[in-house]
Amino acid sequence: MGILALVLGILGALCAVMGIIIATEVVSLTIDASAVVDWMFWLMMSGILFLACIATALSRRE
């Protein structure tokens, strides 16, 4: 379960970085804006992944 918590934590961090990149408009989007997921999705996804990371880290049995 420790490896799963690590993977979920890394994915959560990557989603948070993606949300910040989209929110600050570092990369100009050249495709249709309706097809792109907005920054709120990425930050919510990172929060969910971080909560899952905490849950899997605490649910280990030794």
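## Aromatic residues

W42 is partly exposed, at a relative accessible area of 22%; partly exposed here lies between buried (under 20% relative accessible area) and exposed (over 50%), with a 1.4 Å probe and protein chains only. F41 is likewise partly exposed, with a value of 36%.

The model is a predicted one, in which local features need pLDDT of at least 70 and side-chain atom pairs count only at pLDDT 80 or more, while totals for chains, interfaces and linings use all residues. Residues are numbered from 1 along each chain as its sequence is written, and side-chain values use heavy atoms, with hydrogens and water left out.

Rings of Phe, Tyr and Trp (its six-membered ring) pair if their centres lie within 6.5 Å, with planes under 30 degrees apart counted as stacked, over 60 as edge-to-face and the rest as tilted. The count by this rule is one aromatic pair. That pair joins F41 and W42 in an edge-to-face arrangement, with 5.4 Å centre to centre and 75° between the planes.

## Fold and contacts

Two helices and zero strands make up the secondary structure of the chain; these are DSSP runs numbered from the N terminus, of at least four residues for helices (H or I) and at least two for strands (E). Among contacts (heavy atoms within 4.5 Å) between residues at least 6 apart in sequence, 76% join residues at least 24 apart.

A57 has its place in helix α2 and is partly exposed, at 36% relative accessibility. Between A57 and I3 the C-alpha to C-alpha distance is 9.0 Å, although 54 residues separate them in sequence.

## Nonpolar core

The largest nonpolar core has five residues, A5, L8, C15, L49 and C53. Such a core is a set of buried Ala, Val, Leu, Ile, Met, Phe, Trp, Tyr and Cys residues joined through side-chain atoms within 4.5 Å. Helices α1 and α2 (39–58) each supply at least two residues of this core, and α1 gives the largest share, three residues.

Leaving aside neighbours within four places in sequence, A5 is in contact with C53, T56 and A57. Of the 62 residues of the chain, 19% count as buried.

## Exposed surface

L14 is found in helix α1 (residues 2–23) and counts as exposed, at 53% relative accessibility.
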